[in-house]
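Subject: Structure handover

Hello,

Here is the structure I said I would pass on. My notes on it follow below.

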Amino acid sequence: MTARALLADLPAYTALKEHAAKLQFASMEGLFNADSNRASTFSASAAGLRLDYSKHLLSASALSSLFELADQAGIRESIEALFSGAHVNTTEDRPALHTLLRASSGDGQESRFQEVLSARNRMQVMAQTLYRGEHNGYSGKPVTDVVNIGIGGSDLGPRLVTQALKPYHGDVRCHYVSNVDPADLLDTLSTLDAASTVFIICSKSFRTEETLANGLAARDWMLNAGATVAQLEQHFLAVTTNLQAAKDFGIPQENCLPMWDWVGGRYSVWSAVGLSCAVAVGWENFSEFLAGAEAMDQHFRTSEAHNNLPLLMSLLEIWYCHFFHASNHVVLPYDHSLQRFPDFLQQLTMESNGKRVSAEGQPLDYGTAPVLWGSAGTMGQHSFHQLLHQGTLLCPVDFVLPLNSHTGADQQHRILVANCLAQSRTLMVGRSLEDARKALLERGLAEDKAAALAPHLAMPGNRPSSVITMDSLNPRTLGALLALYEHRTFCSGQIWRINSFDQWGVELGKEISTEILGQLTDARDDSAMDAATDRLISLWKEAQR
């Protein structure tokens, strides 16, 4: 891919600054009053999802300039490069072909697609054998529990999908361990029977420190429970490229599924990393999950800008980060099953786009990824929503709302939907000082007390939000939702001119951790860290005596 101009140098950037200046103090209600079709005009749908982005400080002319910005950034060329296998991961000189993992055809990547199909077929056999209760442990008991041991993308994606699709679970229970804190593993194992438990160790290198530490502890647990070394293969599977390390651990090659260097960890749930998900929900439902993502892929690749959901969401991110100085973005899924969704998105967006240099290594003089956070509604309404409504930070919000619930508890779901729509509307309309004063008077307060208290009840409004709806949360719509945010992240990275597919920022911490671990293990006191770290190392050593 050829080098392009940085964001602030694109011709449309100046026009967008002018649009933002005009809209800075505009009334969203006024925008609706001026355009009776705004709710339908500022919306789009694809792959079972609907995006309503009408409650934004955005005019038709500003949106048109955002489309021009995307064109000038070469977004169409970038999308095609992603799907065609170009080396969009420039610093590691490799493609980013996570879309191939959920594809139903090779589309120019036949060799890699055959590898994917082979792995997918083997994964299906493993998943179905466990899902149907046809795999027995060392004592002859059928396996009832599967524990996925991984970290980062080898944990967040599978954990989210398994929890989100709980209504589709079979009889085998799936658990997740990622924290090297021993309490994570011990708490998980405390209710399990070793004779009926299988572990899946997800580590491309089979050397990830946290994952290997937990894997070795799980291995000892199994041996202490009565399994022999030879029987370990009945209880351990691996997703890795390091077959020798897995074999040394006790996992034979036939129990290993591959990972590829052209798929980053945070994009890997569609691969064998998703084995635990397939065990939990069965292969048919996992295939629907892949199909939903593929439907979003095709939409993203072929749709025009004005209907392209990932591009629209990316342009909104660019709009607020650069022209309204928003440094935060909030995602609020109004479905308890999606409570892990913000955790997943934190890695996807901030590990991908938390960069300070361009793809060519040029320092950037503008901000990139905002801080992403959130939680499942309605819990946040009684904690951080206060900041969203009355705080000094501008935090654009994505509400995610399935319109139907699997629970059958229609009245409670009706309350949930009312809360979601109310929060979106309240962010937009706010409450004026005069309305606050009148409300207090209606409560029976005296004029002077109402006037004094009114500023505390007033809300500025004009806080932007999008609402993403789906008829129901199911394997297909979940796949589309995850793919939507993957492609949104990619578009923003391309417009910012950064490489969204490396993560060098995590490496230095790992290196220093290794150095400190050596000092914690060695009895010597001649460490060479900074004074504060040296002191903390000494405190730890003293506490062990």
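β1 and β2 (residues 49–52) pair in the antiparallel sense over four bridges; two strands count as paired if DSSP finds at least two bridges between them. Helices (H or I, at least four residues) and strands (E, at least two) are DSSP runs, numbered from the N terminus. This is a predicted model, with residues numbered from 1 along each chain as its sequence is written. Local features need pLDDT of at least 70, side-chain atom pairs count only at pLDDT 80 or more, totals for chains, interfaces and linings use all residues, and side-chain values use heavy atoms, with hydrogens and water left out.

β1 and β2 form a hairpin with two residues between them. A47, in the turn, has a positive phi of about 55°. Across the pair, A44 has L51 as its bridge partner in β2, and S45 has R50. Buried here means under 20% relative accessible area, exposed means over 50%, and partly exposed is in between (1.4 Å probe, protein chains only).

L403 lies in the loop between β10 (397–402) and α16. Is L403 buried or partly exposed? L403 counts as partly exposed because its relative accessibility is 37%. The C-alpha atoms of L403 and N136 are separated by 41 Å, and the two residues are 267 apart along the chain.

In helix α18 (residues 447–457) the buried residues are A450, A454 and L457. They cover an arc of only 70° around the axis, so they sit on the same side of α18; the arc is that of the directions from the helix axis to the C-beta atoms. The face of α18 turned away from that buried side carries the exposed residues D448, K449, A452 and H456.

The search ran on a 1 Å grid over the protein atoms alone: a cavity is a set of points where a 1.4 Å probe fits but cannot get out, and a pocket is an open set with protein on both sides within 12 Å along at least five of seven lines. Lining residues have an atom within 4 Å of a point. Grid points are joined across faces, edges and corners, and a volume is the space filled by probe spheres set on the points.

The largest pocket has a volume of about 960 Å³. Its lining has 37 residues, of which T208, Q503, V506, E507 and K510 lie nearest the centre. Two or more lining residues come from each of α9 (209–224), α14 (341–353) and α20 (507–521), and α20 gives the most, with five. By class the lining has 10 nonpolar, 16 polar and 11 charged residues. Ala, Val, Leu, Ile, Met, Phe, Trp, Tyr, Cys and Pro count as nonpolar, Asp, Glu, Lys and Arg as charged, and the others, Gly among them, as polar.

The second largest pocket holds about 600 Å³ of space. Of its 26 lining residues, Q163, K166, H336, S337 and Q339 are the closest to the centre. The lining of this pocket divides into seven nonpolar, 15 polar and four charged residues.

The structure also holds three cavities of 30 Å³ or more. The largest cavity has about 120 Å³ of space, and the closest to its centre among 15 lining residues are M313, L316, E317, H329 and P396. α13 (309–323), β8 (328–333) and β10 each give two or more residues to that lining, with α13 giving the most, five.

The second largest cavity has about 90 Å³ of space. Residues lining the second largest cavity include W260, W270 and F286, and α6 gives the most to this lining, with four residues. By class this lining has 10 nonpolar, one polar and one charged residues.

Regards
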